[in-house]
Amino acid sequence: RSRSRPVRRRRDADTAPAKADPLAPARAQIAMKNWRGAIDELKKVNDPASAEWNNLMGYSLRKADPAANAEEAEKFYNEALRIEPRHRGALEYSGELYLMTGNLAKAEERLAALDKACFLPCEEYTDLKKAVARYKAAGNKYVAQ
């Protein structure tokens, strides 16, 4: 006697449904330069264990009001880097934040960390290197891109 067994289908990675990016709504707001909207979307997701969430929160805060939010943005960037020390976005953006607040030494530390984290060419390294050069050329004053 043969028993018939139900056929089990194997789920392959390429046939599994794509997992939705919970940060997509925040990224959409960032793309539109709607910093407050991005912050609101990030607060809805509330994923402080994620390096990318912390990076995007720091970025959105810095862009929303650099003078008022610099300290808070720095905390989010530092948390992103604690979670993922080679997070290229957090290294670049925190370097820019340091230039905005007049801390060239910290910006250059971030640039050196990017040099180690990147396989050159690397957009984050190139962008921060240009920002440091603009800063120095302007007499140690931040110059937006």
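Predicted model: local features only at pLDDT ≥ 70, side-chain atom pairs only at ≥ 80, totals over all residues.
1. **The nonpolar core.** The largest nonpolar core counts 36 residues. Within this core, Leu 42, Met 57, Leu 99 and Leu 128 touch the most other members. Helices H1 (24-31), H2, H3, H4, H5, H6 and H7 each give two or more residues to this core. As background, nonpolar side chains tend to be buried together in soluble globular proteins.

2. **Ile 39 in H2.** Ile 39 sits in helix H2. Its relative accessibility is 2%, so Ile 39 counts as buried. Beyond residues up to four places away in sequence, Ile 39 touches Met 57, Ser 60, Leu 61 and Ala 64. Take Ala 64 as the example. Ile 39 and Ala 64 are 25 residues apart in sequence, and their C-alpha atoms are 8.9 Å apart in space.

3. H4 runs over residues 66-83. The helix has 18 residues and spans 24 Å from first C-alpha to last. That is close to the 26 Å expected at 1.5 Å a residue. Where is the kink in H4 centred? On Glu 72, with an angle of about 35°.

4. **Helix H4: the buried residues.** In H4, Asn 69, Ala 70, Ala 73, Phe 76, Tyr 77, Ala 80 and Leu 81 are buried. The buried residues of H4 pack against H2, helix H3 (51-64), H5 and H6.

5. **Asn 55, a buried polar residue.** Asn 55 lies in helix H3. Is Asn 55 buried or exposed? Buried, because its relative accessible area is 2% and the cut-off is under 20%. Setting aside residues up to four places away in sequence, Asn 55 touches Tyr 77, Ala 80, His 87, Gly 89, Ala 90 and Tyr 93. Two of these, Tyr 77 and Ala 80, are buried residues of H4.

6. Glu 96 belongs to helix H5 (residues 88-100). Glu 96 has a relative accessibility of 11%, so this residue counts as buried. Its contacts, not counting residues up to four places away in sequence, are Arg 62, Leu 128 and Tyr 142.

7. How many salt bridges does the structure hold? Eight. One of them pairs Glu 41 with Lys 44, with the closest N and O atoms 3.3 Å apart. Glu 41 and Lys 44 are three residues apart in helix H2 (residues 35-45), so about one helical turn separates them. Lys 44 is exposed, at 63% relative accessible area. Arg 82 is exposed at 58% relative accessibility, whereas Glu 79 is partly exposed at 24%. In general, an α-helix has 3.6 residues a turn, so residues three or four places apart point the same way.

8. **A salt bridge between helices.** Glu 108 and Lys 136 meet in a salt bridge at 2.8 Å, N to O. Glu 108 lies in helix H6 (residues 104-117) and Lys 136 in helix H7 (residues 123-137), so the pair ties together parts that are 28 residues apart in sequence. Both ends are partly exposed: Glu 108 at 31% relative accessibility, Lys 136 at 44% relative accessible area. Elsewhere, salt bridges that share partners join Asp 21, Arg 27 and Glu 52 into one network.

9. **The disulfide.** The count is one disulfide. Cys 118 is joined to Cys 122, with an S to S distance of 2.0 Å. Both cysteines are buried: Cys 118 has a relative accessible area of 8%, and Cys 122 has 3%.

How values were computed: Residues numbered from 1 in each chain as written. Heavy atoms only, no water. Salt bridge = Lys/Arg side-chain N within 4 Å of Asp/Glu carboxyl O. Helix = DSSP H or I, 4+ residues; strand = E, 2+ residues; numbered from the N terminus. Buried < 20%, exposed > 50% of the residue type's maximum accessible area, 1.4 Å probe, protein only. Contact = heavy atoms within 4.5 Å. Expected span 1.5 Å × (residues − 1). Bend = angle between axes of the 7 residues up to and from the residue. Disulfide = S-S within 2.5 Å. Core = buried A, V, L, I, M, F, W, Y, C linked by side-chain atoms within 4.5 Å.
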